Amino acid sequence: MSVNTDVKTYTGFRAMTLVCMFILYAPLIVVTAYSFNASESITTWGGWSLRWYVDVFSGPESAKFQQAAVNSFSIAIIAATTATAIATAAATAIVRGGKYRLRTPSLGLITLPIMVPEIVLAVATLIFFNSIGFTRGYMTILVAHIAFCIPFAYLPIQARMQGIEDTFEHAAMDLYATKAQAFRRILFPLMMPGIISGFLLAFIVSLDDFIITNFVKGAGVETLPTAIFGSVKQGLKPNIMAISTMLLSLSVVMVTISYFVSKWDNTK
Amino acid sequence: MNDTVEIAVDVRDAIKRYGDFTALQKISLGIRDNEFFTLLGPSGCGKTTLLRMIAGFEDVTEGGIYLFGDEIKTLPPHKRPVNTVFQNYALFPHMTVLENVGFGLEMKGSSRKDAAKRAGEMLDLVQLSQFAKRKPAQLSGGQQQRVALARALAPSPKVLLLDEPLSALDLKLRKAMQIELKHIQRETGITFIFVTHDQEEALTMSDRIAVMSAGELQQLGAPRDIYEHPRNMFVADFIGDTNLLEVSVDKITDGRAQCHIGGGHELICDAVDGVSVGASVHLSVRPERLVLSDQASDGNSLKGTVTENIYIGTDISTMLDLEGGPKITVRTSNTERGNKRLIEPGSPAFVNMEAGAARLLVD
């Protein structure tokens, strides 16, 4: 790279990088460190301890958090799976559907929820459930999560599909494969890395969602984010930091998997 | 044995339209069994469209396509006993070479084991057995090309379609593959339909060539026939190098046409149907059929001045301005005898040709 275009040579590059890194990561580091605090206080350091992790699993709030975790994970798995299946079908239709008139609008429609402010989606979903007379509870959260996870699952799948030339399917059909066989044996395996990425993204988005969940959940049904929020309103205790740190670790793991899947190429 | 040649693919009055655009205008041709048949033409001439119509990837707007007598135009690609070698090979990137080659057999209903066995034999044929377990991305372009060929041949198609399969290879490899393809065609006895825009490739490999342009069949014949007796301006110009001269026909006697070109040079050549006295037509003569000399010959002899000698390895190409304007190019082989005939630029020279060397073109 020539000296003139290398951003490292720009004035203030190093300072700006450090500021950005600090703003992004300092809070996470503080939360992680204080989750190991032996003290009751969230601001004074009282030495290393795992007591808040023990508290999460066996303390007074453990039952509430455990139920919330079960809800969160079951919803995330079901919602991500369903959304990924729908997104796979949608990507196949939109990328392989030839040139039809509504192609651009359908692409816009499917990715629109990412652009719309989440609070708008939350209100709209709530009104929708009310107007069809759905009782709020676990099911309403699940249905809402499936809906808003679709675009997140869709984008990586579409990106992957656009790199797959349709001559592969032509070749398969030329070699006596029916359309279904060509999809199953050729297109689907080639789409796989995109599908896995889409699933992981949808899973994280579902696990992490607060606004929509808070609107559509019924009384007494909590997910981890709403349970944490409820607990924080009572006063901030270090056990929240322990839960947050565990969620953070999970996210790091998922993002790492997602990274390797996106690099993974089943053609080599 | 039956004396009549069996027709493998019969294209009858096939028309292809995309909206208002006509890609193929009523093409009819019969491709013989066991033949190496080439569809030759510049890009956009409709040759690939015709190939894709035979494979089943394009509908036939009008007319019919018959495979050994059976109408196939309504069959989907997977029900046609023809296989294609694609231009970019289209090898399945997630499968090994062996799985790629066995794919067609498996889809046809062979067990995985039988498919693998036959695929192994096909890899032997193209000398790639040692790469059976590799993925296509780990092979060179030439190796991928041979895998694509083995994959298309493995299910024993009645006809093999090849869509410019050599165009991505470098020149040396391409030449080697041309010979190999020709050999494989003879060994397997399968009808090959080969699409290319490279006239030299077509001449090298084909039993017969169909020259196409603008969606129309221009000429159909053996390589020698097409090269030496081009039917029209397009074919003469597209196949090989040629001198195209405007001529006026003065007299036709005993199958010989007496004519003159610009500058008043007199010429005698074979008359062709459709050319009458007084007609202003074109004359095609190959540069290598002309002889450069410092003396006029008894027959056709054109006087001019050498403007340039270009060294091109096997030959030397000499450009001349004929008296009165027309330009002409002569090719002299780069041999001791040929080099003695060369004349320095600026010097006068004669271009001699036999009557049979030139050909009158109707259009």
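Predicted model: local features only at pLDDT ≥ 70, side-chain atom pairs only at ≥ 80, totals over all residues.

Biologist: How many helices and strands does the secondary structure of chain A come to?

Modeller: Helices (H or I, at least four residues) and strands (E, at least two) are DSSP runs, numbered from the N terminus. Chain A has eleven helices and zero strands, and its C-alpha atoms fill a box of roughly 70 × 65 × 30 Å along the principal axes.

Biologist: What area is buried between chain A and chain B?

Modeller: The size of an interface is often given as the accessible area lost when the parts come together. Buried area is taken here with a 1.4 Å probe and summed over both parts, and for chain A and chain B it is about 2,300 Å², of which carbon and sulfur atoms give 65%. In chain A, the residues that lose the most area to chain B are Leu175(A), Tyr176(A) and Arg185(A), together 35% of what that side buries. The contact (heavy atoms within 4.5 Å) takes 20 residues from chain A and 29 residues from chain B.

Biologist: Which side chains meet in a salt bridge?

Modeller: A salt bridge is a side-chain nitrogen of Lys or Arg within 4 Å of a carboxyl oxygen of Asp or Glu. The rule finds one across this interface, and the side chains of Arg185(A) and Glu106(B) meet in a salt bridge at 3.1 Å, N to O. On the side of chain A that touches chain B, H7 and H8 each give two or more residues, and the largest share, seven residues, comes from H7(A).

Biologist: What is the volume of the largest pocket?

Modeller: On a 1 Å grid over the protein atoms alone, a pocket is an open set of points where a 1.4 Å probe fits, with protein on both sides within 12 Å along at least five of seven lines, and lining residues have an atom within 4 Å of a point. A volume is the space filled by probe spheres set on the points, which are joined across faces, edges and corners. The largest pocket has a volume of about 400 Å³, and of its 15 lining residues the closest to the centre are Arg96(A), Glu169(A), His170(A), Met173(A) and Lys179(A). H8(A) gives the most to this lining, with four residues.

Conventions:
Residues numbered from 1 in each chain as written. Chains lettered and ligands numbered in written order. Heavy atoms only, no water. Buried area = accessible area lost by both parts, 1.4 Å probe.
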